[in-house]
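Have a look at it first, and then we'll start with some rings.

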Amino acid sequence: MTSTLNKFPRLNAPNLHKLPNGLTIIAEQMPVDAVNLSLWIKVGSAVESDAINGMAHFLEHMIFKGTEQLASGEFERRIEERGAVTNAATSQDYTHYYITTAPKDFAELAPLQIDVVSNASIPDDAFERERLVVLEEIKRSEDNPRRRTYRRAMETAFDRLPYRRAVLGPEEVIAGLKSQQMRDFHATWYQPQSITAVAVGNLPVEELIATVSEGFAQAQRRDESQRRDESRLYKETGLIASLPIELPFTEIVRREFIDETLQQARLVMLWRVPGMIHLEQTYGLDVLAAILGHGRTSRLVQDLREERKLVSSISVSNISHEFQGTFYISAKCAVEDLAEVENAIAQHINSLHAELVKESEIARVRRRVANRFIFGNETPSDRAGLYGYYHSLVGDLEPAFNYPAKIQNQDATDLMQAAKEYLSPDAYGVVILKPF
């Protein structure tokens with residue numbers, strides 16, 4: 001079944017094609033001399049049980065270690081000799097693989113990417129070698145103050161949801177994983193119905209769809225000849241959909257840590273907020289995050305860094321995971337200023353309850369969002385990322401196109417309502433890391 005999406009801005013005109021096996025292909029011709037193929041697998045660390053935490057990310061590494069058709073290293077060699085690029089990333093909610101090629105090379109290289117993702121052989125010897133690479137990555141992550149702070153914050157933000165865990169997983173779990181567990185994980189989760197394949201670039205849409213469709217048809221024929229028993233994996237996989245959304249904080253939950261590697265203290269304040277499954281509730285929070293902490297003229301940056309010089313840096317994010325999000329304020333400051341900075345942030349949150357945001361502040365955010373939408377649509381990889389992200393997490397492309405309009409529609413009353421509903425000045429999580 002093929003259908004062209006309606007109601008999109010002239011900037012975007014993707015074609016959505018759903019195959020009988022559940023695979024979704026999104027294709028768009030774009031007059032830029034490149035083609036990007038992005039494969040979005042709706043599988044991240046959130047589907048893992050604690051016993052296999054880190055498996056999705058470890059598998060991302062192993063995808064590039066070859067198939068029955070491609071020896072280890074052959075995929076990268078053939079990509080590089082054509083001047084193409086490839087990369088991948090794993091999050092809590094998805095794993096993303098992509099290549100960007102010249103249009104003339106797409107028909108040859110796209111099936112290679114589809115093969116490595118669909119038919120990873122995960123040989124034992126390569127598994128053991130790559131385990132050491134992943135363990136080293138975990139160690140490096142622990143050496144990064146920003147990542148340490150974020151990990152502590154997520155452990156505070158969520159009591160039960162797997163978003164509290166690191167995508168990389170803990171060393172002791174990675175050290176104990178077996179290659180057969182990974183082969184079972186791959187066989188279970190890397191299925192057509194979990195995959196969104198996005199091809200954007202300077203080839204006709206029909207050609208893009210045909211190349212991707214045939215690539216997956218070939219991969220599936222090879223895959224079916226070696227289909228493994230998948231039943232046992234479901235017993236050791238924690239499905240996030242069965243977990244209830246966590247309620248907002250009802251008091252200030254405070255956690256403090258000593259981190260002797262720091263030069264300055266770290267302060268994080270956070271609130272539990274809606275995720276992508278409640279998309280309409282995220283727009284106002286996105287605007288509030290921008291008003292508070294995006295750019296030199298934002299409220300917290302202007303007040304705490306520029307004027308009062310209480311912090312060396314401060315940022316605000318509305319982090320939208322699929323099932324639940326986190327409104328996240330992070331600052332660096334001197335230890336003796338921690339209480340004053342926390343109190344000042346709480347006062348700014350309180351002011352969002354008491355006073356309507358000025359129209360000039362909202363207008364600034366609207367301009368930034370509109371410009372970023374245009375700038376974020378300039379390359380095939382930009383568009384493929386936009387389409388793949390929204391289709392994977394929301395199951396719909398309309399929100400990808402409508403985001404600027406949704407932000408434009410947020411008025412001061414909407415923002416006050418969002419602040420009152422989700423951002424309490426008296427109930428939040430706070431994480432402090434002190435250098436002594």
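## A cluster of rings

Keep in mind that this is a predicted model. Start with Trp 40, Tyr 94, Tyr 389 and Tyr 390, which form one aromatic cluster.

Tyr 390 comes in at 11%, and because buried means under 20%, Tyr 390 counts as buried.

## Rings elsewhere

Searching the whole structure turns up 15 aromatic pairs. One of them is made by Trp 271 and Tyr 428, whose ring centres are 5.4 Å apart with planes at 50 degrees, so this pair is tilted. Trp 271 sits in strand S9 (residues 265-274), while Tyr 428 is in the loop between helix H16 (412-422) and strand S12 (429-434), so the pair ties together parts that are 157 residues apart in sequence. Both Trp 271 and Tyr 428 are buried.

Rings also meet charges here. Arg 152 has its charged end over the ring of Phe 257, 4.1 Å from the ring's centre. Over the face of Phe 249 you'll find Arg 272, at 4.1 Å from the ring centre.

## The five-stranded sheet

Now for the strands. Five of them make an open sheet in the order S8-S12-S9-S11-S10, and the pairing is mixed. Which strands stand at the edges? They are S8 (253-258) and S10 (311-320); each has a single partner strand, so one side of each has no neighbour in the sheet. From one strand to the next, the twist averages 15 degrees.

S8 and S12 run parallel in their pairing, with six bridges. Phe 257 has Leu 433 in S12 as its bridge partner. Helix H11 (residues 299-307) packs on the sheet, where it touches S10 and strand S11 (324-333). The direction of H11 makes about 160 degrees with that of S10.

## Helix H15 and its neighbours

Last stop: helix H15, which covers residues 398-408. Its buried residues are Glu 398, Pro 399, Ala 400, Phe 401, Pro 404 and Ile 407. What do the buried residues of H15 pack against? Their partners are three helices: H10 (282-293), H13 (359-375) and H14 (380-394).

Technical notes. Residues numbered from 1 in each chain as written. Predicted model: local features only at pLDDT ≥ 70, side-chain atom pairs only at ≥ 80, totals over all residues. Heavy atoms only, no water. Buried < 20%, exposed > 50% of the residue type's maximum accessible area, 1.4 Å probe, protein only. Helix = DSSP H or I, 4+ residues; strand = E, 2+ residues; numbered from the N terminus. Contact = heavy atoms within 4.5 Å. Phe/Tyr/Trp six-rings, centres within 6.5 Å; stacked < 30°, edge-to-face > 60°. Lys NZ or Arg CZ within 6 Å of the ring centre and 35° of its normal. Pairing = 2+ DSSP bridges. Axes fitted to C-alpha atoms, helices over the stretch in contact; angles between N-to-C directions.
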